[in-house]
Amino acid sequence: MKILVVCGHGLGTSLMMEMSIKSILKELAVTAEVDHRDLASASSETAEMFVATRDIAEQLISMGVNGRLVSLDNMVDKAAMKEKLSIALRELGAL
């Protein structure tokens, strides 16, 4: 499974979220390739799951990315992130 974390420039925000997601996946015993990209690059990427903050997620939808989209209201709320990731992972059959 590939999870792509997206932010506007592919630097700070997506890297912080990527590190949190890797930690959550380890807690859930789920193996996945996790990487981060900027918004412009993400449209040409393929992944089973895309994770982004709400504003970026809306842009990803309008760009027509394929894959399960996880939209986060708060990128530092690890509990909410774990809940949303768990739901998406169950839907994808990875959990």
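The model is predicted: local features need pLDDT of at least 70, side-chain atom pairs count only at pLDDT 80 or more, and totals for chains, interfaces and linings use all residues. Residues are numbered from 1 along each chain as its sequence is written, and side-chain values use heavy atoms, with hydrogens and water left out.

**Overall fold**

The protein chain has four helices and four strands. These are DSSP runs, numbered from the N terminus: helices are H or I with at least four residues, strands are E with at least two. Along the sequence the pattern reads β-α-β-α-β-α-β-α.

The C-alpha atoms fill a box of roughly 30 × 25 × 20 Å along the principal axes. The radius of gyration of the protein chain is 12 Å, which agrees with the value near 12 Å for a compact globule of 95 residues. That radius is taken over C-alpha atoms, and the globule rule is 2.2 Å times the number of residues to the power 0.38.

Of the 95 residues, 38% count as buried. Buried means under 20% relative accessible area, exposed means over 50%, and partly exposed lies in between (1.4 Å probe, protein chains only). The protein chain exposes about 5100 Å², and carbon and sulfur atoms supply 51% of it. Accessible areas come from the Shrake-Rupley method with a 1.4 Å probe; for residues, only the protein chains shown count as cover.

Contacts are heavy atoms within 4.5 Å. Among contacts with a separation of 6 or more, residues 24 or more positions apart account for 57%.

**Strand pairing**

Strand E3 (residues 49-53) pairs with strand E4 (residues 68-72) in the parallel sense, over five bridges. Two strands pair if DSSP finds at least two bridges between them. Phe50 has Leu69 in E4 as its bridge partner. Between E3 and E4 the chain passes through helix H3 (residues 54-63), and this β-α-β crossover is right-handed. Right-handed means that, with the strands pointing away from the viewer, the path from the first strand over the helix to the second runs clockwise.

**Salt bridges**

Side chains of opposite charge can pair when their charged atoms come close. A salt bridge here is a side-chain nitrogen of Lys or Arg within 4 Å of a carboxyl oxygen of Asp or Glu. The structure holds nine. The table lists some of them.

| Pair | Closest N to O |
|---|---|
| Glu27 and Lys78 | 3.8 Å |
| Asp73 and Lys84 | 3.8 Å |

Glu27 forms a salt bridge with Lys78. Glu27 lies in helix H1 (residues 12-28) and Lys78 in helix H4 (residues 78-91), so the pair ties together parts that are 51 residues apart in sequence. Glu27 is partly exposed at 49% relative accessible area. Lys78 is partly exposed too, at 34%.

Lys82 is partly exposed, at 30%.

Asp73 pairs with Lys84. Asp73 sits in the loop between E4 and H4, and Lys84 in helix H4, eleven residues apart. Asp73 is exposed at 56%, whereas Lys84 is partly exposed at 30%.

Elsewhere, a network of salt bridges links Lys2, Asp35, Arg37 and Glu45.
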